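Below is a briefing on a structure, grouped by topic. Please read it alongside the sequence and the coordinates.

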Amino acid sequence: MRIIALIKRILLQIVRDKRTLALLFIAPLLVLTLMNLVFNGETVDPVLGIENSSEQTIDMLKDADINVKEYNNVSDVENAIHKNNLDGFLQIHDEDQRLTLLNDDPGVSKSLEMKVKSVLNKEVQLQMMSGKNALKEKPNSQDSVETSYVYGSSDTEFFDTFSPILVGFFVFFFVFLISGIGLLNERTTGTLERLLATPIKRGEIIAAYLIGYGLLALLQTILVVVYSINVLDLTIVGSVWNVILINVVVALVALSLGMLLSTFASSEFQMVQFIPLVIVPQIFFSGIFSIDGMAGWLQFIAKLMPFYYAADALKGVMYKGFNFSDISGDLYILLAFAAVFIVLNLFALKRYRKL
Amino acid sequence: MEHTVSIQGVSKSYGKHVVLEDIDFSSEAGQIYGLIGPSGAGKTTIVKMIVGMDVPEKGTVFLLNKKMPNLDILQQIGYMAQSDALYSALTGKENLQFFASLYKLNKAERAERIEYTSKLVNLTSELNKKVSNYSGGMKRRLSLAIALIQNPKVLILDEPTVGIDPQLRVSIWNELLRLKNEEDKTIIVTTHVMDEAEKCDHISMVREGSIIANGTPSQLKEQYSVETLDGVFLHAGGEMK
């Protein structure tokens, strides 16, 4: 009964606060859309300047999606690259081949270098083969490797593996912030103290906060998932219900953590100061960067981050098509985190009333 | 007669700082008790012990013969904190409804108490306004209405008239007197305004964590042979040093 009254009050307060509502429900959609547009932008073919090359080489380079421009008698390669907006310059003097790369974007340079090298290798092989067996015209030996994918396909974009993490992160971040500031406001305005002068139990306050903000998180999750599937055309390989389930558990962790940390903040600004301390490290260990490549002790820290498990489960369901039993381990660990935070919250409230 | 509130030998300190030292206090139904003293004397700490939000290091606090802290007894305590603890995004009515639903009241009782208390503090016509649009005095009145919402036997008001204009102060005090006389409530008020202290049936002077004087206003004036309570305050304080 008291819990219901408290939940009603929490929801009413949020509904009255239009900006917070917008932050909860519109901001995630905005960021997701932007991310989608940014990451799925068309890739531009690199521009390569070339000197002293055979027609055959140029054709093969063009086949490899390189925009080739021919030049003659270039003395200053660097200057030519700058003047003509090139990504690289290839000079061929008989056996001596020199590739100069602009390298303002390492990604572009790497791919250009790889393409050029593979073309030149192919050419060498082709010459050797034509020497041995002039009848064989097409060099198909190089293209004979057939590639298949365990997860996703050759069309998989970075955003496909990134978006599951993003969906969970929104829930984690916004719920953490809003519940933490909600309870903090209750502390600073004295209403928490006033509340504890009524026969309400400490557990009832925490339960009401979890349920009230949990409902908001559920709505947010549904909105984000529906939007991702229908508008952004994101494919969710596994079950949508599992995605929602994971996010509700994530919300539970974020809620209890936000409430707990609000105990150590004396103003909204101090609550915001927890973002670089608590939220940002979670992103580093969420799987966006390869965790296997990290130092041993860093990998250990990763395992202490609740969001590590959330991201693992979400990526599992949304990208790899995991079912419930595959992610249950992650869910149990997340629930354990939530349980610990909730118990700590019960103790933290003792500061205001011993009973 | 039975004591509604009874504080026995209570001491409390935060670290080395002694906040309360050996406080004894008791109250009976149908009386107004004033806790008088300068800011930082320990009045609010006493109030918080009565409400059960703070526990004494030594000694015990009894409310209606139950040892505090006790959750069930909180049903019988109306508490008005020093600062207005209100939800400013909600209307006055929603605030009252929320607090009413935290107590054991059925639906009809709740509606009746909301109507009664809001009429009492003269807020009936303002109930549908958001609290963020209330004036300081209106907030104070709403806080008082919330303290009365569950019809408690004991009312504990921490500086109820701070920041309230004289006219409203008079009307609040008239209401307190009526509650005492007609409904037999025990009312404990902290204040540092001496003319309010005059209206109490019984006064306890609090200074530096101790109760330094006790009695009716006239008893105290007689004891220190002064004309006003201000004089008592100064004399009693001077004696300590």
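Helix 14 of chain A and helix 15 of chain A are roughly antiparallel to each other, because angles over 145 degrees count as roughly antiparallel, those under 35 as roughly parallel, 65 to 115 as roughly perpendicular and the rest as oblique. This is a predicted model, in which local features need pLDDT of at least 70, side-chain atom pairs count only at pLDDT 80 or more, and totals for chains, interfaces and linings use all residues. Residues are numbered from 1 along each chain as its sequence is written, while chains are lettered from A and ligands numbered from 1 in the order in which they are written. Helices (H or I, at least four residues) and strands (E, at least two) are DSSP runs, numbered from the N terminus.

**Helix pair in chain A**

- Helix 14 (residues 306-318) and helix 15 (residues 324-348) of chain A pack at an angle of about 155 degrees, and their axes are 9 Å apart.
- Axes are lines fitted to C-alpha atoms, for helices over the stretch in contact, and angles run from 0 to 180 degrees between N-to-C directions.
- The crossing of helix 14 of chain A past helix 15 of chain A is left-handed (the near helix is turned anticlockwise from the far one by less than a right angle; clockwise would be right-handed).
- Residues of helix 14 of chain A that meet helix 15 of chain A include A:Pro306, A:Tyr309, A:Ala313 and A:Val317.
- Contact here requires C-beta atoms, placed from the backbone, to lie within 7 Å.

**Sheet and domains of chain A**

- Chain A has an open sheet of four strands in the order 2-1-3-4, with mixed pairing (two strands pair if DSSP finds at least two bridges between them).
- Strand 2 (67-71) and strand 4 (96-101) of chain A are at the edges with a single partner strand each, so one side of each has no neighbour in the sheet.
- From one strand to the next, the twist averages 20 degrees.
- Six bridges pair strand 3 (residues 88-93) of chain A with strand 4 of chain A in the antiparallel sense, and A:Gly88 stands opposite A:Leu101 of strand 4.
- The domain assignment divides chain A into domain 1 (2-39 + 157-351) and domain 2 (47-144); such bounds come from an automatic or database domain assignment.
- The centres of domain 1 and domain 2 of chain A, taken over C-alpha atoms, are separated by 50 Å.

**Sheet and hairpin of chain B**

- In chain B, an open sheet of six strands has the order 6-7-8-3-9-10 and mixed pairing.
- Its edge strands are strand 6 and strand 10 (210-215) of chain B, each of which pairs on one side only.
- The twist of this sheet averages 15 degrees from one strand to the next.
- Helix 4 of chain B packs on the sheet and touches strand 6 and strand 7 of chain B, with its direction at about 165 degrees to that of strand 6.
- Strand 9 (residues 202-207) and strand 10 of chain B pair in the antiparallel sense over five bridges, with B:Ile203 opposite B:Gly215.
- Strand 1 (residues 5-14) and strand 4 (residues 58-63) of chain B run antiparallel and are joined by five bridges; B:Phe62 is the bridge partner of B:Ser6.
- B:Phe62 also has B:Lys67 in strand 5 of chain B as a bridge partner, and two bridges join the antiparallel strands 4 and 5 of chain B.
- Strands 4 and 5 of chain B form a hairpin with two residues between them, and B:Leu64 in the turn has a positive phi of about 50 degrees.

**Backbone exceptions in loops**

- A:Asp65 is not a glycine, yet has a positive phi of about 60 degrees; A:Asp65 lies in the loop between helix 4 (55-63) and strand 2 of chain A.
- A:Asp65 counts as exposed because A:Asp65 has 11 C-beta neighbours inside 10 Å.
- B:Asn151 has a positive phi near 55 degrees and is found in the loop between helix 4 (136-148) and strand 7 (154-158) of chain B.
- With 17 C-beta neighbours inside 10 Å, B:Asn151 counts as partly exposed.
- The peptide bond from B:Met68 to B:Pro69 is cis, with omega near 0 degrees, and B:Pro69 is in the loop between strand 5 (66-67) and strand 6 (77-80) of chain B.

**Contact between the chains**

- Chain A gives 22 residues to the contact and chain B gives 23 residues.
- Helix 1 (2-16) and helix 8 (191-195) of chain A each supply at least two residues of the side that touches chain B.
- Helix 1 of chain A has the largest share of that side, six residues.

Definitions and conventions
A residue is buried if 20 or more other C-beta atoms lie within 10 Å of its own, exposed if 12 or fewer, and partly exposed in between; C-beta atoms are placed from the backbone. Two residues are in contact if their C-beta atoms, placed from the backbone, lie within 7 Å.
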